[in-house]
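Trainee: I would like to go through this structure with you, one site at a time. Shall we begin?

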Amino acid sequence: DPPITSFDANGFTVNGTYNQTNASGGSFVAWAWDAENLASNSAYNQSEVWTNRLTSSNGFHSNYPAANAFDGSVTDNQVEPASSGGVLTFTPSTAISYTTSVEFMLAGGNKNYSVNGGATQTSNSTGDTWTTAATGSGTLTSLAFWKPSDWPSLRGIRVDGKLLVDAGVIPAGSLNSSAYNQ
């Protein structure tokens, strides 16, 4: 018989007949918590590992990897190309439908961007604020960010108000002080 017989919505069940489980004089500890179903959390879109959909024309900076843009926080980190002048391109595996908006945040202002391969536009002049890239309804097939002789420094992307967070990542919040990647 296995020492633990089930994991379910109510926690777990210990098999009391296993020769080491609940042993006399033994010390045991167990933790259980409900981290919610983050995929249904209204603040996030965790339908895939978005990090895998971000590329850089010259690689990623070792201190600012692609995962930083999809860790659930836009205040403490960003993703950057390996060197200035690089282009970051986000291309979801399938087009993302939106009904209100597509937004992004960069860690600096006046950077160039393009939605779905369209015309070059310029982000907000101040960094660390959301720039609205598209409004109304449509589909997002790509977002590209660049600035000659500078780094685009992407912090996050929101579609219809939902922050894109990698599947399996539990963002930092009121119950945990840092992001957790299952």
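Trainee: Where is the place of Glu80?

Mentor: Glu80 is in the loop between strand 4 and strand 5; strands here are DSSP runs (E, at least two residues), numbered from the N terminus. Please note that this is a predicted model, in which local features need pLDDT of at least 70, side-chain atom pairs count only at pLDDT 80 or more, and totals for chains, interfaces and linings use all residues. Residues are numbered from 1 along each chain as its sequence is written, and side-chain values use heavy atoms, with hydrogens and water left out.

Trainee: Is Glu80 buried or exposed?

Mentor: Glu80 is buried, meaning under 20% relative accessible area, where exposed is over 50% and partly exposed lies in between (1.4 Å probe, protein chains only).

Trainee: What does the side chain of Glu80 make a polar contact with?

Mentor: Its partner is the side chain of Gln78, at 3.1 Å. A polar contact is a pair of N or O atoms within 3.5 Å; within protein, one must be able to donate a hydrogen and the other to accept it, and residues adjacent in sequence count only if both atoms are side-chain atoms.

Trainee: Turning to the rings, how many aromatic pairs does the structure hold?

Mentor: There are four aromatic pairs. Rings of Phe, Tyr and Trp (its six-membered ring) pair if their centres lie within 6.5 Å; planes under 30 degrees apart count as stacked, over 60 as edge-to-face and the rest as tilted. One of the pairs is Trp50 with Phe90, which is tilted, at 5.9 Å centre to centre and 55° between the planes.

Trainee: Which parts of the chain does that pair link?

Mentor: Trp50 is in the loop between strand 3 (44-45) and strand 4 (54-56), and Phe90 is in strand 5 (residues 88-90), 40 residues apart. Trp50 is buried at a relative accessible area of 1%, and Phe90 is buried at 0%.

Trainee: Which residues form one aromatic cluster?

Mentor: Trp50, Phe70 and Phe90 do.

Definitions and conventions:
Helix = DSSP H or I, 4+ residues; strand = E, 2+ residues; numbered from the N terminus. Lys, Arg positive; Asp, Glu negative; His and termini not counted. Salt bridge = Lys/Arg side-chain N within 4 Å of Asp/Glu carboxyl O.
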